[in-house]
Amino acid sequence: MMSLASYLIISLALFVIGLAVMLSRKSIVAILLGIELVLNAAALNFVAYSRYVTNNLDGHIFSLFIIVIAAAEAAVGLAIVIRFFQIKETIHIDEATQLRN
Amino acid sequence: MEYTVGSIAPIFLAPVIAFVINAFFGRRLPRQGDWLAAFSIFVSFIFSARIFSDFIFGKFATDSYVHKTFTWFDLSYGTQIFKVDMGIYIDNMAAIMLLMVSGVAFLIHVFSTWYMEHDEKHGRFFIFLPLFTSAMLGLVLSDNLFSLFIFWEIMGFCSYSLIGIYNKKEKAGDASIKAFMTTRVGDVFLLLGIVALWMTIGSVSYVDIYAAIAEGKFAGQTVLGISLATFAGVCIFLGGMGKSAQFPLHVWLPDAMMGPTPGSALIHAATMVAAGVYLSLRMYPLMVLGDITWFIAVIGAITAFGAATIALVQTDIKAVLAFSTISQLGYMMIGVGVGSYNAAFMHLITHAVFKACLFLSAGSVIHSVHEQEMPKLGGLRKHLPYTFFAMMCCTLAIAGIPFFSGFVSKDRILGDALYFGFMSGQHPLMAIVPILGFAGAGLTAFYMFRMMFLTFFGENRSQQSHNDHHHGHGHKAGSHGHGHDAHEIHDEHLDFRSNVPLLILTLFTLGFWYAGTLTGQSFGNVFGKKKEWFKILVEAPKVEKFVNKPRQQFSGVDSRDKTELLPAEYHHQTGYAGPNPNEHKIHSAHTIGAILSIIIAFAGVFLAFLMYIKRVVKPWSDTFQGITTVLKNKYYIDNLYVDIIIKKGLLGFNRALAWFDMGVYDRFAVDGWAHVNRVIFKASKWFDNVVVDAIGVDGTGVAVNLFNLVLRIFQSGEIQFYFVMLITVLASYIWTLKI
Amino acid sequence: MFMQLLFGLSALLTLSGAIAVLVTKNIMHACIFLLASLIGIAGLYATLGADFVAVTQIMVYVGGIVILMIFAVMLTGGKDFVSRAQNLLGLAPSMGNKWTYTVGLLVSLVFLLTNVKLISSIVKSHPAKTFGNEFPSTVNQLGHLLIKDHVLAFELSSVLLLGALVGAAMIARPRKQ
């Protein structure tokens, strides 16, 4: 029951759902949630490969680093959200269109 | 001597160098370079004398010649030969001519240094005079018709420049153009003849032409239906007619007197006008072959007589001399025409000497008195003794008085003409040649002595006129001042520049130099066994002797036939091309001719004496008013040319051509392009505005804007849209590249 | 048996949490559902024998990041973005516009298909391998690896974290108005 394929399917589904969250929700924090989902899907993928394909622990290492990066990124991203809120008084994504045209 | 470039070239090159130096640096040289010109001619004279002594005093044969060539250009291709050789051809005739030309030119240069001293055109005169001399010397040296033509044209140009040298006088300009144009008519025919010869023979070298005549290459060749020899002969003679002022192309020579007198002396008396005769002499075998010698003789006779009649009524000294030149040239042509080759050439030489002397003397008279019109002259015998002596001797020569050179040559011509006209079996109308010849001789004696008597005898009439005639030159340094009412006549001193040339020339008008004897017959031998040297050495070329003669390059060895002519030959030579079976008849013709010419000459002198010294007979211009008017207008030939032919005929033609050129051709071919251009302009304007500007320039902007509108969609600034794009592109990569 | 049960429960938790994040309107609820999803992933790690990674996941992600997100939501108002749509699709349980919802789903579908293509090829090349129940401890090995083979990444990540800390603090600091 637990084969590489199943883990890959789970990580795929997780990735796609995370993508859907990123694309469809309008609050910046919600988008960050989607990003977390995506990152986790990738990490799961790495660990699954490390268990079923190669016999070393490189996948684990990579997952650990993914977690580290995700933490750092989430911290900075949320700092940006707070700053954004301080300026625009809202965190609706459609307010962030200063690069328009 | 060896005939190399070093011994021949200085003859021709020394005056050219003088010309070049004078042309560029003349103004800066002291006396504007006249001494340089004279010295260069002296160099030529020395080399010419060297050649002359080699031919005449060295071992010789009568038909020896030096012929050296070099290839001017060779554009032959395969079997088509297109090669032109240039070179020198010196035989006895050329050697004598070289000596005469360079000697006379040198004396004239020396005289001109005195004559033109204070003239405003002093420098310019000495630029063209050496160039002219070098052209004449080159013409004498040249061995083919091409180089002859080149030098011919150079002389024509120098003549034009010298006639029109006083360029402020409108008449001088007109006269120079008239001279150039008239000789041009002749030159066109000359070139035509040269080309006709070249196309059929393949070469225009004299030697080749003689060889071709001997080999019969001319037989059967026709040009435009006329036999080649006749056509070429006539054309070449027409060139000679133009240059030697035969009727009807004689009209330029009287007007050429607008130039300075020494220039006229050299060009229109001694050398250039003799070039036509020289050419006819060189081409004599061709003329004989073409059977046009009778034509030459008739033209010569008409010219000789006609010019003599016009000279009877002229009042300007230089005009009298000009017409006498035309007349004597007519005699030379009579000589060529009747077959008297040797005498024609002798007359050329003797005429050059005494005519140059006459012109220089006239120049001396004009310089002293500042007056050209003979009614205003007179009694100059006391004032200008040396000039009087020189002019007297030369007038005796030209009139055909025995013991003088003119008698020797003219008598021989007239003797041959008498034989030709009456006894040689020609058409009876050919009798006109000797008749006109003798009549002309009588008239010559008459008008020349008329000139002498009016100028040097009687009372001086110049004091009677109050007119100031400025001839452009000032006084000789010293003695006499300039009066207000009349000119003082400068007495003549013996000056090496103004008198010695005259006297040297006078020396050579004595007959014995040429005939070898004092009387022209066997009496009074002067040169010993070489008497009649002139008659022996110069004879018509025997064309058979030119066949297959090898041609030498300039560096080759001299291969002349160095055998001395035996004295016995002298007695039997008659001056003709070969021994003549009619020798008895010729001899009797000569005897009759000699007696007749002496009688006629003395009659002419006597008549002039009666008319102008004794005043017994009234001057005939008073009695024959009608004829006098005709003669004064030179038989209205000038009017014929200018009024009728040019103004009525050619100008109308010119107008028609101009109408065609401007009305038709210019309108359509030239102006029509303006319309075409307008259309092209409109099309290009449309193209520029619409295609280039609207579509290209503005269009790119509009396109960019439009594209921008499209691209703007992708720059919405919405982050989620960017995500969408990213995913889409990534998916498309994976789907298309099948990763 | 236990393993498969754990796997099934964890998978269910993960996916349902994820879907819930997608669908729910309230953002606080979204954070909590994310938290649940992450716990589920930790369980999946555990079934894979990655004990250290699983625990690290819970400690860092669950205990740190989600809490951070909740803080951010609190600090930025935490307003509900109600859809202002009038028709049926606008009433769909989502925080966003109907159009973005549609586009997002479409794109995700595209991506799904893409990946299926990829995965199918991979799955075919690696036949199913069933393992026994031996799960050695990975901590020791991971420690060795971090210090020996991946020491550079290790050190760099520490620098990165420092930078992130300082940066975040700088960006979000209160400014005098």
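The contact between chain A and chain C takes 57 residues from chain A and 71 residues from chain C, where two residues are in contact if their C-beta atoms, placed from the backbone, lie within 7 Å. The structure is a predicted model, in which local features need pLDDT of at least 70 and side-chain atom pairs count only at pLDDT 80 or more, while totals for chains, interfaces and linings use all residues. Residues are numbered from 1 along each chain as its sequence is written, and chains are lettered from A and ligands numbered from 1 in the order in which they are written.

On the side of chain A that touches chain C, helix H1 (4–24), helix H2 (28–52) and helix H3 (58–88) each supply at least two residues; helices (H or I, at least four residues) and strands (E, at least two) are DSSP runs, numbered from the N terminus. The most is given by H3(A), with 20 residues. By class, this side of chain A has 44 nonpolar, eight polar and five charged residues, with Ala, Val, Leu, Ile, Met, Phe, Trp, Tyr, Cys and Pro counted as nonpolar, Asp, Glu, Lys and Arg as charged, and the others, Gly among them, as polar. Chain A also meets chain B, and here eleven residues of chain A are in contact with ten residues of chain B. The residues on the chain A side of that contact divide into six nonpolar, three polar and two charged.

Chain A itself contains three helices and zero strands, and its pattern along the sequence reads α-α-α. Of its 101 residues, 61% count as buried, a residue being buried if 20 or more other C-beta atoms lie within 10 Å of its own, exposed if 12 or fewer, and partly exposed in between, with C-beta atoms placed from the backbone. Among contacts in chain A between residues at least 6 apart in sequence, 51% join residues at least 24 apart.

Chain B has 27 helices and five strands, and buried residues make up 48% of its 739 residues. For contacts in chain B between residues at least 6 apart in sequence, the share that joins residues at least 24 apart is 79%.

The buried nonpolar residues were then grouped into cores, a nonpolar core being a set of buried Ala, Val, Leu, Ile, Met, Phe, Trp, Tyr and Cys residues joined through C-beta atoms within 7 Å. In the largest nonpolar core, which has 205 residues, B:Leu98 and B:Ala356 touch the most other members. Helix H15 (residues 341–369) of chain B contributes the largest share of this core, 19 residues. When residues up to four places away in sequence are not counted, B:Ala356 touches B:Val104, B:Ile108, B:Ala265, B:Ala269, B:Ala270 and B:Leu505. A second, separate core of 82 residues includes A:Leu37, A:Phe62, A:Phe84 and C:Leu142.

Within chain B, helix H4 (residues 122–141) and helix H10 (residues 261–270) pack at an angle of about 15°, with their axes 11 Å apart; axes are lines fitted to C-alpha atoms, for helices over the stretch in contact, and angles run from 0 to 180 degrees between N-to-C directions. H4(B) and H10(B) are therefore roughly parallel to each other, since angles under 35 degrees count as roughly parallel, over 145 as roughly antiparallel, 65 to 115 as roughly perpendicular and the rest as oblique. The contact is made by B:Phe125, B:Leu129 and B:Phe132 of H4(B) and by B:Gly263, B:Leu266 and B:Ile267 of H10(B). By class, these residues comprise five nonpolar, one polar and no charged.

Helix H11 (residues 272–282) of chain B is largely enclosed by the rest of the structure, because eleven of its eleven residues are buried. Among these buried residues are B:Met272, B:Tyr278 and B:Arg282.

In the loop between helix H8 (228–243) and helix H9 (252–255) lies B:Pro248, which is joined to B:Phe247 by a cis peptide bond with omega of about 0°. B:Ala245 is placed in the loop between H8 and H9 of chain B, and its phi is near 55°, a positive value in a residue other than glycine. B:Ala245 is buried, with 31 other C-beta atoms within 10 Å. In the loop between helix H16 (385–399) and helix H17 (405–423) of chain B, B:Phe403 has a phi near 80°, again a positive value in a residue other than glycine. B:Phe403 is partly exposed, with 17 other C-beta atoms within 10 Å.
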